[in-house]
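The sequence and the structure are shown first.

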Amino acid sequence: MKLSEMNQKLLSAERLKATGRLASEIAHELNTPLGGILMYSHLLMEDLPDNDPHMENVIKITKLAHRCKMIVQGLLDFAHQECPHPKMVQVNRILRNVIGFLEDHVLLRGISIEMRLDPTLPKVAGDENKLEQVFVNLVINAAQSMNGTGVLTLRTGFAFDSNQVRIECSDTGSGIDDKHIDRVFEPFFTTKEKGKGTGLGLSICHGIVEHHGGTMTVDSSKGQGSVFTIFLPSEVSL
Ligand SMILES: Nc1ncnc2c1ncn2[C@@H]1O[C@H](COP(=O)(O)OP(=O)(O)OP(=O)(O)O)[C@@H](O)[C@H]1O
Ligand SMILES: [Mg+2]
């Protein structure tokens, strides 16, 4: 890698961390007053008679406050990605579970799912719930990019040279524009319609994988689908 390229990567990693810190501080500050807004708007809704002319506005306030709460929760998740009590977990099993509960999801209707899981995959030290969260995010993003038709492939394998478990999530969806690809792991970066995505999914995944001592990268171009690749250190010593 050239020096300028390396500097660029270091700079964007620093920028990602600084944005993440700021975002989580803001989330902590917003969480309490937002809880108050929600509580008082619910109280108001209970007190007002159903035919009160203000009811419609109170419902709108409550809905919007719920949306803010969802964003703040995303930010708090983003800030709490540490993995305090890692256990030995089987990545293949987590992937099967994720597909098990997502396959009936409306987003995956019309999409064929291919599982190419290496049966000899060693376990990794990690937090099952957090890893599950990573895979759910990747599968949902992939499904959203395919919009009802395409192939989702989940592949695992072992990289003997680096002693790491490799997990790939590929789709045949829209792909990612060259001008966006360096930004997809940034908190709040989204190309989805206003009100649809928070842009926190991949930044949360990235943080979780880093806390597991792993790496996460993307390879994609517009119209060519996308491949997200995760490497997690394995406990197997060669
Ligand atoms: N599999 C994919 N194919 C195409 N584009 C993708 C894919 N995954 C992510 N992206 C791009 O990266 C952006 C950021 O993804 P991320 O998951 O962080 O946020 P989001 O999906 O937009 O919002 P949220 O996850 O909160 O619903 C997306 O808006 C999309 O542009
Ligand atoms: Mg997403």
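**Overall fold.** The model is predicted. The protein contains six helices and seven strands, which follow one another from the N terminus in the order α-α-β-α-β-β-α-β-β-α-α-β-β. Of its 238 residues, 26% are buried. Among contacts between residues at least 6 apart in sequence, 73% link residues at least 24 apart.

**Helix 3.** Helix 3 comprises twelve residues, 91-102, and spans 16 Å from its first C-alpha to its last, close to the 16 Å expected at 1.5 Å a residue. Its buried residues are Val91, Ile94, Leu95 and Val98. They lie on the same side of helix 3 because they cover an arc of only 100 degrees around the axis. An α-helix has 3.6 residues a turn, so residues three or four places apart point the same way. On the face turned away from this buried side, helix 3 carries the exposed residues Gly100 and Phe101. The elements against which the buried residues of helix 3 pack are tabulated here.

| Packing partner of helix 3 | Residues |
|---|---|
| Strand 1 | 87-89 |
| Strand 3 | 124-126 |
| Helix 4 | 128-146 |
| Strand 4 | 150-159 |
| Strand 5 | 164-171 |

**Ligand 1.** Around ligand 1 there are 23 residues, of which Ser145, Thr190, Gly197, Gly201 and Leu202 come nearest. By class, the shell holds 15 polar, six nonpolar and two charged residues. Helix 4 and helix 6 (201-211) each supply at least two residues of this shell; helix 4 gives the most, with four residues. Helix 4 is also one of the elements that the buried residues of helix 3 pack against.

Key: Residues are numbered from 1 along each chain as its sequence is written. Chains are lettered from A and ligands numbered from 1 in the order in which they are written. This is a predicted model: local features need pLDDT of at least 70, side-chain atom pairs count only at pLDDT 80 or more; totals for chains, interfaces and linings use all residues. The expected span of a helix is 1.5 Å times one less than its number of residues. A residue is buried if 20 or more other C-beta atoms lie within 10 Å of its own, exposed if 12 or fewer, and partly exposed in between; C-beta atoms are placed from the backbone. The arc is that of the directions from the helix axis to the C-beta atoms. Two residues are in contact if their C-beta atoms, placed from the backbone, lie within 7 Å. A residue is near a molecule or strand if its C-beta atom, placed from the backbone, lies within 6 Å of it. Ala, Val, Leu, Ile, Met, Phe, Trp, Tyr, Cys and Pro count as nonpolar, Asp, Glu, Lys and Arg as charged, and the others, Gly among them, as polar.
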